[in-house]
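Hello,

Here is the structure for your files. My notes follow below it.

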Amino acid sequence: MLTVCRIDNKSTAAALSGLMEKLADPGPFHRTWAAAVANDARISARGKGGRRFWRDQIAGTIEVEYLDDGALVFTESAVAAHKEYGGPIKAKYQQSLTVPFAQAARGKSVKQMEAAKGKKIFRIRSKKGNAVLGYSRKKGKKTEFVGLYALVKETRPQRPDPWWPTADQVLERGVEHAGIWLNKE
């Protein structure tokens, strides 16, 4: 999925069309406008918090491509688009997603849990028919199953967490940069 913001003479709104006509060469204006929008997107992503996710997986993927008649600000990151628009997470390379539901399993892979517990983790079907990963432990004379992960094809749809600049924010940044360029000429 691709998240894009196009900056050129055709996409400018009425608020900028008068200013655009006054510029002798709109190329440098497009470049500084696009750089400012990309910077706004990076700041917005970094402002979401967290340790590295927003910085590396989102803000670090924003690119600017300069064209003859404008510029593109974009990210090709599927994770960035998923955060912006929401939706379910689907298994891509395996048959199922491994979703931890036990506190001990959160943030750990199945292999890490096997090493930590010293037990083989295996799959069973619950009474409702759901696939569950866990291990068995002895409790007195009985053996009980301890569930750690649910195996699912996809998650429930996640809410959008918008971070990409809105059209109004992009236009506002364009008006600001048009004023700067008109004062230079």
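What share of the 185 residues in the chain do buried residues make up? The share is 32%, where buried means under 20% relative accessible area with a 1.4 Å probe, protein chains only.

Some ground rules. This is a predicted model, in which local features need pLDDT of at least 70, side-chain atom pairs count only at pLDDT 80 or more, and totals for chains, interfaces and linings use all residues. Residues are numbered from 1 along each chain as its sequence is written, and side-chain values use heavy atoms, with hydrogens and water left out.

**Fold.** The chain has six helices and seven strands. These are DSSP runs: helices are H or I with at least four residues, strands are E with at least two, numbered from the N terminus. Their order along the sequence is β-α-α-α-β-β-α-β-α-β-β-β-α.

**Contacts.** Residues 24 or more positions apart account for 63% of them.

**Cores.** A nonpolar core is a set of buried Ala, Val, Leu, Ile, Met, Phe, Trp, Tyr and Cys residues joined through side-chain atoms within 4.5 Å. The largest one has 21 residues. C5, I7, V37, I62, V73, W163 and W164 touch the most other members. At least two residues each come from β1 (3-8), α2 (26-46), α3 (53-58), β3 (70-75) and α6 (167-184). The largest share, seven residues, is from α2. Leaving out residues up to four places away in sequence, I62 touches A38, A41, R42, V73, F74, T75, W163 and W164. A second, separate core has 11 residues, including A102, L133, L148 and Y149.

Best regards

Definitions and conventions: Buried means under 20% relative accessible area, exposed over 50%, partly exposed in between (1.4 Å probe, protein chains only). Contact means heavy atoms within 4.5 Å.
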